[in-house]
Amino acid sequence: MKLNSAKEVWIARTIAWVVLGVISCGIFFSATFMLGPSLSAIPDLNDTIALAVFCPGAESSSTQESASTPTTSDPNGIRGHTVEITCYFTDGSTKIIRNEQFALASIGGMFGIGGLTGILITIPLMLLPIFLIRRKKEPV
């Protein structure tokens, strides 16, 4: 779109950025809260994220998953699946990722990957008005 004056160009760009900002918020929200949790269906992605966060540089790891156990001291309370990962390092040391740490890393990682995907989609959208809305060239 070619406009006559610099003022018209900036007014048009501002309007475009407001509209694209609203659209970008929707894209970011959808990517974060819909795409992100959907990524947990990818096999071993949760384990990979937890290992990257809590055991960087680990040589190997082993995962122990157990059946549902009570999550509170009340025997009739909520029950949950538990995961414990043991990381083995080259110097012979080990580190255990507890269930709480695993849950925080995997849930946060999924939302984080979804959010980053949303940002990577919206940044090019916000740059479009700079390239599409321009001033007409003056005749020589």
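## Exposure and Leu-132

A residue counts as exposed when its relative accessible area is over 50%, and as buried when that area is under 20%. This cut-off is applied here to a predicted model. Leu-132 has a relative accessibility of 51%, so Leu-132 counts as exposed. Leu-132 belongs to helix H3.

## The nonpolar surface patch

Leu-132 is one of the residues in a nonpolar patch on the surface.

Which helix gives the most to the patch? Helix H3, spanning residues 99-132, does, with eight residues.

## Packing of H2 against H3

Two packed helices are described by an angle and a distance, both taken between their axes. For H2 (residues 45-54) and H3, the angle is about 105° and the axes are 8 Å apart. Angles from 65 to 115 degrees count as roughly perpendicular, and H2 and H3 are therefore roughly perpendicular to each other.

On the H2 side, the contact is made by Leu-45, Asn-46, Asp-47, Ile-49, Ala-50, Val-53 and Phe-54. H3 contributes Gln-101, Phe-102, Ala-105, Ser-106, Gly-109, Met-110 and Ile-113.

## Ser-24 in H1

Ser-24 sits in helix H1, residues 6-38. Is Ser-24 buried or exposed? Its relative accessible area is 8%, so Ser-24 is buried. Setting aside neighbours within four places in sequence, Ser-24 is in contact with Thr-122, Leu-125 and Met-126.

How values were computed
Residues are numbered from 1 along each chain as its sequence is written. This is a predicted model: local features need pLDDT of at least 70, side-chain atom pairs count only at pLDDT 80 or more; totals for chains, interfaces and linings use all residues. Side-chain values use heavy atoms; hydrogens and water are left out. Patches are made of residues with over 30% relative accessible area and no salt bridge: like charges are joined within 9 Å, nonpolar side chains (Val, Leu, Ile, Met, Phe, Trp, Tyr) within 5 Å. Accessible areas come from the Shrake-Rupley method with a 1.4 Å probe; for residues, only the protein chains shown count as cover. A salt bridge is a side-chain nitrogen of Lys or Arg within 4 Å of a carboxyl oxygen of Asp or Glu. Helices (H or I, at least four residues) and strands (E, at least two) are DSSP runs, numbered from the N terminus. Buried means under 20% relative accessible area, exposed over 50%, partly exposed in between (1.4 Å probe, protein chains only). Axes are lines fitted to C-alpha atoms, for helices over the stretch in contact, and angles run from 0 to 180 degrees between N-to-C directions. Angles under 35 degrees count as roughly parallel, over 145 as roughly antiparallel, 65 to 115 as roughly perpendicular and the rest as oblique. Contact means heavy atoms within 4.5 Å.
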